Amino acid sequence: MPTAGADATRLTKSQQTEPLLVVEGLKTHFATPNGLVKAVDGVSLSVARGKTLGVVGESGSGKTVLSRSIMRLNTAGNVITHGRVSYDGEDLLQESPKEMREIWGVEMAMVFQDPMTSLNPVVRVGRQMTEHIRHHLKVSKSEAAETAIELLRSVRIPEPEARFSNYPHEMSGGMRQRVCIAIALACGPKMLFADEPTTALDVTVQHQILNLLEQQQKDRFMTMIMVTHDLGVVAGRTDEIAVMYAGKIAEKAPTGELFADMRHPYTESLLRSIPKINQPKHTRLAAISGRPPDLINPPSGCAFSPRCPYAQPKCFEQTPPLTAAPAPGHQYACWFPVGSPEGNQAWETNMAAGRLQTLAAAGELNATEDIPATIGGG
Ligand SMILES: Nc1ncnc2c1ncn2[C@@H]1O[C@H](COP(=O)(O)OP(=O)(O)O)[C@@H](O)[C@H]1O
Ligand code: SF4
Ligand SMILES: [Mg+2]
């Protein structure tokens, strides 16, 4: 059997308290004929062993580039990376390609959005699994097959012995993603990245896959980064959430704290775009008005300013730094935070000036119904 991930009981005291991953000032820029795309632009974060971090943001906010940069999977020739990615005390940005190949699969693994692009369509899933297992673990063919079938069973694939001989197209989308998860888990990685792992799947299957990932993460004491555009996906499943906007962290907090006391207007907009259970089917989701920013020429000042219902003149001129909220681990980058007296004042000023109505029209929001609960209530 493969090693079953990290085990909390086998760690020294300092290992248990030190975060497994520490990212400091990470920048990933792409040189293009039109200019420098600042896909990740100064991200710092850390994830403790056995904990789950949700990375949330709209499409194009830099989530995938961030995950791939941490794992050193950005192979594009036009990539420029700065900063530090410390994994278990080693700076991954200094590792050679050969050293990284030893780390992939064994230390860190990734589950991608579309299982069809990660699996080879002309090779039976069993062989894809055993090749991966034999590449990393020194085991015989029959031991690898046994391990693969056990893994298929652990990701709850019915009749794993029979499924072992299937081609990917003979399986449903959900089943294929289970196979990808099994492959990612095969060598017992300490850290798992899941990049929009359910976006390509039917809604009914999405929950099963998320539950499976959560269960495996807990059983194996893995550290997990769950990347998604949907704040609803990470709401009850992560220890901490980092909200990304235009390649930067807009807000970061323990999950409960984020939902109880979100400070960044962008986080609030993401929350309002989650479908509500009792929402009639024909109701359109509240879209965030305006378009995500140009990462070559981002807006001056706060990148969210052209779309922000709270924006004031200062926001268009000065970039807000990440600021500590009173609760431990909570940081936000905003001059007029949600729920603060200055935030409430900014909202009221914009409401009176008709700016909210203009934004609402662009995003098909109903401005009068979408006034945050904090207004008027404190
Ligand atoms: N190789 C590349 N060259 C130029 N731009 C890129 C490259 N890869 C990604 N980008 C750009 O980086 C930005 C962030 O992309 P991505 O991380 O995939 O966003 P997300 O995962 O949040 O949807 C996008 O604007 C994307 O077009
Ligand atoms: S700094 Fe200004 S524009 Fe940016 S999120 Fe805060 S209020 Fe909105
Ligand atoms: Mg992505």
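Analyst: Happy to. In this predicted model, Ile296 counts as partly exposed because 13 C-beta neighbours lie inside 10 Å, whereas a buried residue would need 20 or more and an exposed one 12 or fewer. Ile296 sits in the loop between α12 and β11. Setting aside neighbours within four places in sequence, Ile296 is in contact with Asn34, Gly35, Leu36 and Val37.

Strands β1 (19-32) and β2 (35-48), together with helix α2 (63-70), are the elements that give two or more residues to the shell around ligand 1. Of these, α2 gives the most, with three residues. The shell around ligand 1 has 15 residues, and those that come nearest are Phe30, Ala39, Lys63, Thr64 and Val65. By class, the shell around ligand 1 holds six nonpolar residues, eight polar and one charged.

The other ligand has a shell of another make-up. Around ligand 2 there are 13 residues, with Cys302, Cys308, Tyr310, Cys315 and Cys334 coming nearest. The shell around ligand 2 has eleven nonpolar residues, two polar and no charged ones.

β3 (residues 52-56) and β9 (residues 240-245) run parallel and are joined by four bridges; here Val55 has Ala242 of β9 as its bridge partner. On to the next pair: β9 and β10 run antiparallel, with six bridges between them, and Ile241 stands opposite Ala253 in β10. The hairpin of β9 and β10 has two residues between the strands, and in this hairpin Ala246 takes a positive phi near 50°. β10 is mostly covered, with six of its seven residues buried. β10 also pairs with β12 (residues 331-332), in the antiparallel sense and over two bridges, with Lys252 opposite Gln331 in β12. When you look along these strands, keep in mind that in a regular strand the side chains alternate between the two faces of the sheet.

One last stop, a helix pair. Helix α5 (residues 125-136) packs on helix α6 (residues 141-154) at an angle of about 115°, and their axes are 9 Å apart. The crossing of α5 past α6 is right-handed. On the α5 side, the contact is made by Gly126, Met129, Thr130, Ile133 and Arg134, which meet Lys141, Ala144, Ala145, Thr147, Ala148 and Leu151 in α6. Six of the residues in this contact of α5 with α6 are nonpolar, three are polar and two are charged.

Terms used
Residues are numbered from 1 along each chain as its sequence is written. Chains are lettered from A and ligands numbered from 1 in the order in which they are written. This is a predicted model: local features need pLDDT of at least 70, side-chain atom pairs count only at pLDDT 80 or more; totals for chains, interfaces and linings use all residues. A residue is near a molecule or strand if its C-beta atom, placed from the backbone, lies within 6 Å of it. Ala, Val, Leu, Ile, Met, Phe, Trp, Tyr, Cys and Pro count as nonpolar, Asp, Glu, Lys and Arg as charged, and the others, Gly among them, as polar. Two strands pair if DSSP finds at least two bridges between them. Two residues are in contact if their C-beta atoms, placed from the backbone, lie within 7 Å. Axes are lines fitted to C-alpha atoms, for helices over the stretch in contact, and angles run from 0 to 180 degrees between N-to-C directions. A crossing is left-handed if the near helix is turned anticlockwise from the far one by less than a right angle, and right-handed if clockwise.
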